[in-house]
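The sequence and coordinates come first.

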Amino acid sequence: MCEHQNFTANVSVGRLAADESGEKIVGFSADIAVKCLDCGVPFEFIGLPMGYSPTQPMCSVDGTEARMPLKPRGEAMSLEGLAGFSIRKVV
Ligand SMILES: [Zn+2]
C-alpha cells in the first residue's frame, strides 16, 4: 500500500476571454492537479464546489482539478462577459 510520500503537481494558467474571438482577456485561471508520484493516484480537492467560476475557486466534477481564478497584483479585472457554471450532485 502506497503511503503517498511524494507528489507531482501540474498547474496550467489560462487566460479567460470574453468571447469566441479571444481578443479581450477579462480574467485568468490557474488549474491545479496533484498526483502521488509513487503510485500515480490523483488527489481530490476537498470543500470546493464543482464547476467553473471566474469569481471563486471551484473544482472539476471528479474533484481532481482545482480551478482558481486569479489576477495580476494591483490590477482590476472586469470579468465582463464571463459566465461560469456549477454542478450540484444529486444523491
Ligand atoms: Zn501513492
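Which backbone oxygen lies 3.0 Å from a polar atom of the side chain of Arg67? The backbone oxygen is that of Gly51. The model is predicted.

Arg67 belongs to strand β5, which covers residues 65–70. Its relative accessibility is 19%. Because buried means under 20% relative accessible area, Arg67 counts as buried.

Leaving aside residues up to four places away in sequence, Arg67 touches Ser29, Ala30 and Asp31, then Gly51 and Tyr52, then the run Gln56, Pro57, Met58, Cys59 and Ser60, and also Phe85.

## A nonpolar surface patch

Val11, Val13 and Leu70 make up a nonpolar patch on the surface. Together these residues have about 260 Å² of accessible area.

Val11 sits in strand β1, residues 7–17. The relative accessible area of Val11 is 48%, so this residue is partly exposed; the exposed class requires over 50%.

## Cysteines

How many disulfides does a search of the whole structure find? The search returns 0 disulfides. A disulfide would need a pair of cysteine sulfur atoms within 2.5 Å.

Cys2 has 26% relative accessibility and therefore counts as partly exposed. Cys39, at 37% relative accessibility, is also classed as partly exposed.

Definitions and conventions:
Residues numbered from 1 in each chain as written. Predicted model: local features only at pLDDT ≥ 70, side-chain atom pairs only at ≥ 80, totals over all residues. Heavy atoms only, no water. Buried < 20%, exposed > 50% of the residue type's maximum accessible area, 1.4 Å probe, protein only. Helix = DSSP H or I, 4+ residues; strand = E, 2+ residues; numbered from the N terminus. Polar contact = N/O pair within 3.5 Å; in protein donor to acceptor, adjacent residues only side chain to side chain. Contact = heavy atoms within 4.5 Å. Patch = residues over 30% accessible without salt bridge, like charges linked within 9 Å, V, L, I, M, F, W, Y side chains within 5 Å. Areas by Shrake-Rupley, 256 points an atom, 1.4 Å probe, with all protein chains shown as cover. Salt bridge = Lys/Arg side-chain N within 4 Å of Asp/Glu carboxyl O.
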